[in-house]
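Visitor: Hi! Could you walk me through this one? I'm new to looking at structures.
Guide: Happy to. Let's open it up and start with the ligand.

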Amino acid sequence: MKKIAVFTSGGDSPGMNACLRAVVRTAIYNKIEIIGIRHGYDGMINDDFVDMNAESVSGIIHRGGTILKTARSKEFLTLEGRQKALANLQKHNIDGIVAIGGDGTFKGALEFSQISNIPMVGCPGTIDNDLAGTDFTIGYDTAINTVVEAVDKIRDTAESHDRLFFVEVMGRDAGLIALRAGIGAGAESIIIPETKTDVEDLIKRLEGGRKNKSSKIIIVAEGDEAGGAFTIAEQVKKRLPDYDTRVTILGHIQRGGNPSTMDRVNSSRMGFAAVEALIQNKTNVMIGILNDKISYTPFENAVKEKKELDKDLMRMLTILSL
Ligand code: F6P
């Protein structure tokens, strides 16, 4: 392993920079040349490669986003695009690659492995936490902290006006942000894609709840089958016209901001382990952390296996919101 390339891809997430820093410095420590690819797979196709050194990752451990920039590449979905990418990697004599991204990134990596022999190792960078093989993805902890902080603020208005709030959080296919943030923010209920949404049941719970509760917060994952927070709020409003109902969509504030300590530490551990994995000839695996230990999950399993939703956490949320 003489020369490694690293890139970030898919939606940005807080901690990607900390992971990059760890990759770059671990490579340098092992006397491996390190190149950054800007704009994810697009940069691989367009030869957007930059030399990296210890200084290029100075002062970034605490910054959200990604200094290498990121993209969701359409061209990489085509064989022609992937061939162009491979030609550029060969031109730069790349012996190994670290990909920091989510399921789209690893699906791309799997396709790429059909035509490329260059070893690739991944670090799970997504706020959604929807990858099997790791307890927490890079950015998830920061995102749920951002949601809880926002809901705490919303609760002030909810309590002052005796209102019912529907707060929509990110999670196109997964309700893991909604679940933990819901527990942390003391939500009445969460609405997520993993479970069947029964609006009637929600109405019953709202009607049957403690009457003297001045505020009620329902967290809705954007990907829920019943529609987003606006759609669900509309249905509830029709049935419970006496409720003063409001909707807040938190949107991209969940993806930004300084990474939490937990995200900085996990990202550093995973970036460090990714370079060591390449040195040990591992390929097509995602680095993760399971029970506080570094783990290696084949890309195939990381993207195919659905992360189990913790039913005990769901049950607890319901009980604690009595
Ligand atoms: O993949 C992370 C994620 O935050 C999803 O939860 C969300 O649906 C999506 O990104 C939105 O991404 P963008 O606005 O970049 O298209």
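Visitor: How far is an oxygen atom of the ligand from a polar backbone atom of G171?
Guide: The distance is 3.1 Å. Keep in mind that this is a predicted model.

Visitor: How much of the ligand's accessible area does the protein cover?
Guide: It covers 76% of the 400 Å² that the ligand has on its own. The residues around the ligand include I127, D128, M170 and H252, and the space it takes is the largest pocket.

Visitor: New topic: which residues are buried in helix 4?
Guide: In helix 4, which spans residues 103–112, they are T105, F106, G108, A109 and F112.

Visitor: Where do they sit as you look down the axis of helix 4?
Guide: They fall within an arc of 155 degrees, so they line one face of the helix. In general, an α-helix has 3.6 residues a turn, so residues three or four places apart point the same way.

Visitor: What about H39, what is its phi?
Guide: H39 has a positive phi of about 60 degrees, though it is not a glycine. Most residues other than glycine have a negative phi. H39 is in the loop between strand 2 and helix 2, and it is partly exposed, at 27% relative accessible area.

Visitor: And where is D47?
Guide: D47 lies in the loop between helix 2 and strand 3. The phi of D47 is also positive, near 55 degrees.

Conventions: Residues numbered from 1 in each chain as written. Predicted model: local features only at pLDDT ≥ 70, side-chain atom pairs only at ≥ 80, totals over all residues. Heavy atoms only, no water. Buried < 20%, exposed > 50% of the residue type's maximum accessible area, 1.4 Å probe, protein only. Helix = DSSP H or I, 4+ residues; strand = E, 2+ residues; numbered from the N terminus. Arc of directions from axis to C-beta. Near = heavy atom within 4 Å. Polar contact = N/O pair within 3.5 Å; in protein donor to acceptor, adjacent residues only side chain to side chain. Areas by Shrake-Rupley, 256 points an atom, 1.4 Å probe, with all protein chains shown as cover. 1 Å grid on protein atoms, 1.4 Å probe; cavity = no way out; pocket = protein on both sides within 12 Å on 5 of 7 lines; lining within 4 Å. Sits in = over half its atoms within 2 Å of the grid points.
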